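Here is a short briefing to read alongside the structure.

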Amino acid sequence: MPRSKAIVIGFWTVTALFCVQMTFTAYAQLRLPQLADTFTHLGFPDYFRVELSWAKLVGVLLLLAPVPPRLKEWAYAGFAINLGSALIAHVAVGDGPEAWGWAVATSGLWGLSYYFWRRLLPAPSNASSRAADSAAFSARAPVTSQA
């Protein structure tokens, strides 16, 4: 199935915005003392802030580079965990929307990027999908004995 130009443009637009946001937050977490204080407020150790920032930068590189789909899938999963955890951490300490709203908005960009990326992946060929369906069915089929 040929790629729709709108899907390609949508993917790169949303993914670029998402990657800019993630790069900015990684940089800010590494360089701005206010964000170091925020991690302390949330109850996280300082090394976690550094670790998380570098993981975000690696994830951004994986989303933008021509790497195998499995690596991109892991990057998307890591970002989903990061954004969900940020929301939970802020709500758990009683922060309001001014603190956790960015995580919700960035999650919207994440969701759109992932949606478009999945639409860009090639569809499995009929032979391989039939083989996978057959294997899945035979794994679920009950074993009966005839006496």
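By class, 13 nonpolar, seven polar and one charged residues make up the lining of the largest pocket. Keep in mind that this is a predicted model. The pocket has a volume of about 380 Å³, and 21 residues line it.

**The largest pocket**

- Closest to the centre of the pocket are Gln29, Phe39, Ala86, His90 and Trp102.
- Five helices each supply at least two residues of the lining: H1 (5–31), H2 (33–42), H3 (46–64), H4 (69–92) and H5 (97–120).
- H4 gives the largest share of the lining, with six residues.

**H1 with H4**

- The axes of H1 and H4 lie 13 Å apart, and the two helices pack at an angle of about 55°.
- That angle makes H1 oblique to H4, and their crossing is left-handed.
- On the H1 side the contact uses Phe11, Thr15, Phe18 and Met22, which meet Tyr76, Phe79, Asn82 and Leu83 of H4.
- Six nonpolar and two polar residues form this contact of H1 with H4, with no charged residues.

**H4 with H5**

- H4 and H5 pack at an angle of about 160°, and their axes are 9 Å apart.
- Angles over 145 degrees count as roughly antiparallel, so H4 and H5 are roughly antiparallel to each other.
- The crossing of H4 and H5 is left-handed.
- H4 residues in this contact include Tyr76, Phe79, Leu83, Ala86 and His90, while those of H5 include Trp102, Trp110, Tyr114 and Trp117.
- The contact of H4 with H5 counts 16 nonpolar, four polar and three charged residues.

**H1 with H3**

- The axes of H1 and H3 cross at roughly 160° and come within 9 Å.
- H1 and H3 are therefore roughly antiparallel to each other, with a left-handed crossing.
- From H1 the contact draws on residues including Trp12, Thr15, Phe18, Met22 and Gln29, and from H3 on residues including Arg49, Val50, Trp54, Lys56 and Leu64.
- This contact of H1 with H3 divides into 13 nonpolar, five polar and two charged residues.
- Thr15, Phe18 and Met22 take part in the contact with H3 and also meet H4.

Technical notes
Residues numbered from 1 in each chain as written. Predicted model: local features only at pLDDT ≥ 70, side-chain atom pairs only at ≥ 80, totals over all residues. Heavy atoms only, no water. 1 Å grid on protein atoms, 1.4 Å probe; cavity = no way out; pocket = protein on both sides within 12 Å on 5 of 7 lines; lining within 4 Å. Points joined across faces, edges and corners; volume = space filled by probe spheres on them. Helix = DSSP H or I, 4+ residues; strand = E, 2+ residues; numbered from the N terminus. Nonpolar A, V, L, I, M, F, W, Y, C, P; charged D, E, K, R; others polar. Axes fitted to C-alpha atoms, helices over the stretch in contact; angles between N-to-C directions. Parallel < 35°, antiparallel > 145°, perpendicular 65-115°, else oblique. Left-handed = near helix turned anticlockwise from the far one by under 90°. Contact = heavy atoms within 4.5 Å.
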